[in-house]
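Colleague: I have a model open and would like to learn how to read its features one at a time. Could you take me through it?

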Amino acid sequence: MEIFDYDNILLLPRKCRVESRSECDASVVLGNRTFRLPVVPANMKTVLDEKICKFLAQHGYFYVMHRFDIDNLAFTKAMQSQGLFASISLGVKQADYEVVDRFVADDICPEYITIDIAHGHADSVKNMIGYLKEKLPEAFVIAGNVATPEAVIDLENWGADATKVGVGPGKVCITKLKTGFGTGGWQLSALKWCARVATKPIIADGGIRSHGDIAKSIRFGATMVMIGSLFAGHEESPGKTVELDGELFKEYYGSASDFNKGEYKHVEGKRILEPIKGKLQDTLTEMEQDVQSSISYAGGKHLMDIRKVNYVILGGDNAGEHLLM
């Protein structure tokens, strides 16, 4: 099996078929909706809040609200009352089942529900998927996180409409250091491995350090890419603003960090400071333009044309050219 990550893969250009990169369509379908970009901000407290979710939904972007200190029912009602889609996160504890029961009692259903736990290949996830499919069958269910083809096959068979692939590759995740497990350092080849068996969409979660990594994720099988650090640190970001040596930063920490948990127990995340990047919309616009450029380099006009390109692996024992003959 080839082992590689984003930094040692380059995609190979094909003959350009557009006169302007702006002709390229960077949109993607997930569920029964089309979104402007194949990216979603990580569902973390320092990345997005209710205000950002509303902004994203209004402007045609996908989002997943985090599951920490949030009333999912009230959030869903607020979004849907404004004609916007609701996309929430749940865990697998008794309190999460009670949230589902509240939705049923009020005859309300979020359009998207993400079952979001660190090790998603588990009976607890199987049981929650089953409960959601029974109680809220209209919801599009995303489940994760997982790292192996076996897990993707199981989650799909259990009823997940999409799977989230990535264990520990995030910038503020220390799972591989604390446990010895995960996809940190080989997230892109883990995605390729999992995509081979997937029959439903995959959301690649973690390890994105530049906009070009979005195109690489699409090439190796992702439908959507979840991004944390590149979305943290905007003026609108909910992380605390910190001044250091005259520069402004935003706090960014992992969901499994003690900063998020409020206690030092089973900690697999850390806290960092991200330089403030400016406005979120500016980053989204730049991302869209860069993905359009990627599509043009792929010789295509649509996002999934990126899947057709060849690639090279740089350096190491696996180095070489990989051609789609």
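Modeller: Start with a position in the loop between strand E8 (162-165) and helix H6 (175-179): Cys173 lies there. Keep in mind throughout that this is a predicted model.

Colleague: What does UniProt place at Cys173?

Modeller: An unreviewed UniProt entry places the feature "active site" at Cys173. Such annotations may be inferred rather than shown by experiment.

Colleague: Now the interior. What should I expect there?

Modeller: In soluble globular proteins, nonpolar side chains tend to be buried together. Here the largest nonpolar core has 94 residues. Those with the most contacts inside this core are Leu30, Phe62, Tyr63, Leu132 and Ile227.

Colleague: Which residues does Phe62 touch?

Modeller: Leaving out residues up to four places away in sequence, Phe62 touches Leu30, Phe35, Val39, Val40, Pro41, Leu56, Phe85, Ser87, Tyr112, Ile142 and Met224.

Colleague: Where does Val39 lie, and is Val39 buried or exposed?

Modeller: Val39 lies in strand E4, residues 39-41. Its relative accessibility is 2%, which means that Val39 counts as buried. Apart from residues up to four places away in sequence, Val39 touches Phe62, Ile214, Met224, Val225, Ile227, Phe231 and Met287. Ile227 and Phe62 are also among the residues with the most contacts inside the largest nonpolar core.

Colleague: How far apart are the C-alpha atoms of Val39 and Leu284?

Modeller: Their C-alpha atoms are separated by 9.2 Å, while the two residues are 245 residues apart along the chain.

Colleague: Next, charged pairs. What makes a salt bridge, and how many are there?

Modeller: The rule asks for a side-chain nitrogen of Lys or Arg within 4 Å of a carboxyl oxygen of Asp or Glu. By this rule there are 13 salt bridges. One of them joins Lys192 and Glu2, with the closest N and O atoms 3.0 Å apart. Lys192 lies in helix H7 (residues 187-195) and Glu2 in the segment before E1, so this pair ties together parts that are 190 residues apart in sequence.

Colleague: How accessible are Lys192 and Glu2?

Modeller: Lys192 is buried, at 17% relative accessible area. Glu2 is partly exposed, at 23%.

Colleague: Which residues are linked in a network of salt bridges?

Modeller: Arg67, Asp116, Lys164 and Asp205 are linked in such a network.

Colleague: Last, the backbone. Which peptide bond is cis?

Modeller: The bond from Gly144 to Asn145 is cis, with omega near 5°. Asn145 is found in strand E7, residues 140-146.

Colleague: What is the phi of Asp69, and what is that of Asp107?

Modeller: Asp69 has a positive phi of about 55° although this residue is not a glycine. Asp107, also other than glycine, has a positive phi near 55°. Asp69 lies in the loop between helix H1 (50-58) and helix H2 (72-81), and Asp107 in the loop between helix H3 (94-105) and strand E6 (112-116). Relative accessibility is 74% for Asp69, so Asp69 counts as exposed. Asp107 is exposed as well, with a relative accessible area of 71%.

Technical notes: Residues are numbered from 1 along each chain as its sequence is written. This is a predicted model: local features need pLDDT of at least 70, side-chain atom pairs count only at pLDDT 80 or more; totals for chains, interfaces and linings use all residues. Side-chain values use heavy atoms; hydrogens and water are left out. A nonpolar core is a set of buried Ala, Val, Leu, Ile, Met, Phe, Trp, Tyr and Cys residues joined through side-chain atoms within 4.5 Å. Buried means under 20% relative accessible area, exposed over 50%, partly exposed in between (1.4 Å probe, protein chains only). Contact means heavy atoms within 4.5 Å. Helices (H or I, at least four residues) and strands (E, at least two) are DSSP runs, numbered from the N terminus.
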